[in-house]
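Please keep the sequence and the 3D view at hand while reading.

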Amino acid sequence: MKKERDLLKTLSRTFFTLHHHHKPSITKMDPSERYCYKPTLRWNSEVEEFFVNAYGADRFSRISEALTRPSCYSCIRVNTLKTTSDTVIKKLSVLLQESGWQSNPAGGASSPQESNGLEKNSFISKCKIPNLDYVVFVQGSGPHTIDYGYTEEKPPKEVIVSRKCAEAVLRGARVYVPGVLACSAHVEKGEPVAVSVALERPGTEGGWGVGFTRGTTLQGSETDPYYFERNGLYIGQGTTTMSRAGMFREPNGVALEMTNRVFNLPSFRDLLEGDIFLQNLPSIITAHALDPQEGEKILDMCAAPGGKTTAIAILMKDKGEVIAADRSHNKVLDIQNLVAEMGLKCITCYKLDALKSVRQIDESHSQDARECVESESIQRLESSTPATSGQLTNANGTSKAELRKNSGKMKNGPGRHDSVGGRVERSKGFLPNSFDRVLLDAPCSALGLRPRLFAGEDTMKSLRANAKYQRGMFDQAVQLVRPGGVLVYSTCTINPGENEALVRYALDTYKFLSLASQHPKVGGPGLIGSCQFSDGYQEEWLRPGEEDLVQRFDPSSPLDTMGFFIAKFNVGPKDV
């Protein structure tokens, strides 16, 4: 019995020792795996299968990864009618250094490939591509590894921003109040915070969303919204410019200043307005592909935000006629503002749906058909004529309604749409064969834009709907170009159904169209072949010999551009 009691005591002491001194090991979180930027782009399964079929698994994997990152340089187009590249380089160098911006603060990889025209180890320089010396590159850097100050006892305070806010921040923007979704408790002005992003996820009742209420308080624990889902989705570190309460009380303003960015790119907000325009390299090349000449009449069918429109006008030395059309009232106002800012005179802006670009001629009113534009801006006409008899006026002939309106402007400042009276001209369309050249930069799925952190909403149905919509606009564009003219089609998507398939449709439908060579030729070849869908639909792409006549910009290529596509057509005699 004594031996049994001694054995029990020994076992008891052993258990006690193991329980208190050798606790079961718990896997600790690796902060380097959580507090980093390693996003994975999530695609609709059918779309992913389609792209893997089109590009091959390896290439599509590289494209997907590249899309989650911004280009490591900023591309600036210089307004050569007002200044020179050398002058802009000197001014920008001073302004960026005065703002405290550094190209490579953390010593990370920063040299873009020489193939994109940047000189090695240069902070800012002219593009070396022939005829593009008016394009300036400002070198950025990234991705950088950031120390967020994590300790197991005290993890960093955090701010979660929306996906669109995060994409803008990755390009160099600031964090504004509307983009903040959640914040740690007890955050005051001037505190350092880790900035992460909440990506959309499928909802329980369909659709996509972040799944939590704006203003949610983060506790720094695993019960926080998207705690594990935010692993690898940290875009940098910032210092708050207002308290947590202010972030969710104020309607606007800067919520925090980014002090350490995963990708370090400068902001050009309010810098050299009118002298420069921040624009992606493929967009600039699109204007060159159109090859506009002085004195020509040119149409930009879907012109917003006006970058290609103004590039075309500058290539023409502001001599000729450029029509900029867009279906959105506010976007037309934006184009007008940009045109005025850049001091261009040859551009006229109209509100017009691209699907209604061709004017329907009524033979009984053929003379009126030549008047293709009507004005919505009656206010501007009335401002130069006396008030009508139906209005009460003062001694100067100004109506009381106008006086009240002007008084309100004096009190409240100019309204949001206060551009040329806040109104735009509306076009009824244009006569067939009335343009020397037409640019159709078509609305698209935008699957080439960078950085992109979410792609789940796009389905094969929506991609095919985009392609059908683009064909309708192309049908209009073809009618508006005169025989002997030029038509350029471009998109900012990697979807061959909106690119090569449109070219195939154009060449098969309009026998008077032919693919034309482009200068400069910077992008890669197009895709050859076709794709058979499960419903029996066959999508035809390019045929051998056609691939080198288009330009396809691959975001994973050494050029480090957005995903983009350009096709140029010569228009032959239409009676063929």
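Two residues are said to be in contact when heavy atoms of theirs lie within 4.5 Å of each other. The structure shown is a predicted model, and the points below are grouped by the part of the chain they describe.

**Tyr176 and its partners**

- Tyr176 has its place in strand E5, which covers residues 175–176, and with a relative accessibility of 31% Tyr176 counts as partly exposed.
- Once the neighbours within four places in sequence are set aside, the residues in contact with Tyr176 are Gly253, Val254, Ala255 and Arg269.
- Although Tyr176 and Gly253 are 77 residues apart in sequence, their C-alpha atoms are 5.7 Å apart in space.

**Helix H15 and Glu500**

- Glu500 belongs to helix H15, which is made of residues 500–509, and Glu500 is buried, since its relative accessible area is 0%.
- Leaving out neighbours within four places in sequence, Glu500 is in contact with Gly526, Leu527, Glu540, Trp541, Leu542, Arg552 and Phe565.
- Seven of the 10 residues of H15 are buried, and therefore this helix is largely enclosed by the rest of the structure.
- The buried residues of H15 are Glu500, Ala501, Leu502, Val503, Arg504, Ala506 and Leu507.
- The elements that cover these buried residues include helix H14 (460–480) and strand E20 (481–491), together with strands E21 (513–515), E23 (538–540), E24 (550–553) and E25 (564–571).

**Helices H3 and H4**

- The axes of helix H3 (residues 45–55) and helix H4 (residues 57–67) come within 7 Å of each other and cross at roughly 120 degrees, which means that H3 is oblique to H4.
- The crossing in which H3 passes H4 is right-handed.
- On the H3 side the contact involves Glu48, Phe51, Val52 and Tyr55, which meet Ala57, Arg59, Phe60 and Ile63 of H4.
- Sorted by class, the residues in the contact of H3 with H4 are six nonpolar and two charged, with no polar ones.

**Helices H8 and H9**

- Helix H8 (residues 281–290) and helix H9 (residues 307–315) have axes that come within 9 Å and cross at roughly 45 degrees, so H8 is oblique to H9.
- H8 passes H9 in a crossing that is right-handed.
- From H8, the residues Ser283, Thr286, Ala287, His288 and Leu290 take part in the contact, while H9 contributes Lys308, Ala311, Ile312 and Leu315.
- Divided by class, the contact of H8 with H9 has five nonpolar residues, three polar residues and one charged residue.

**Cysteines**

- A disulfide requires a pair of cysteine sulfur atoms within 2.5 Å, and by this rule the count of disulfides is zero.
- Cys127 is in no disulfide, and the nearest cysteine sulfur, which belongs to Cys75, is 7.0 Å away.
- With a relative accessibility of 4%, Cys127 counts as buried.

Definitions and conventions: Residues are numbered from 1 along each chain as its sequence is written. This is a predicted model: local features need pLDDT of at least 70, side-chain atom pairs count only at pLDDT 80 or more; totals for chains, interfaces and linings use all residues. Side-chain values use heavy atoms; hydrogens and water are left out. Buried means under 20% relative accessible area, exposed over 50%, partly exposed in between (1.4 Å probe, protein chains only). Axes are lines fitted to C-alpha atoms, for helices over the stretch in contact, and angles run from 0 to 180 degrees between N-to-C directions. Helices (H or I, at least four residues) and strands (E, at least two) are DSSP runs, numbered from the N terminus. Angles under 35 degrees count as roughly parallel, over 145 as roughly antiparallel, 65 to 115 as roughly perpendicular and the rest as oblique. A crossing is left-handed if the near helix is turned anticlockwise from the far one by less than a right angle, and right-handed if clockwise. Ala, Val, Leu, Ile, Met, Phe, Trp, Tyr, Cys and Pro count as nonpolar, Asp, Glu, Lys and Arg as charged, and the others, Gly among them, as polar.
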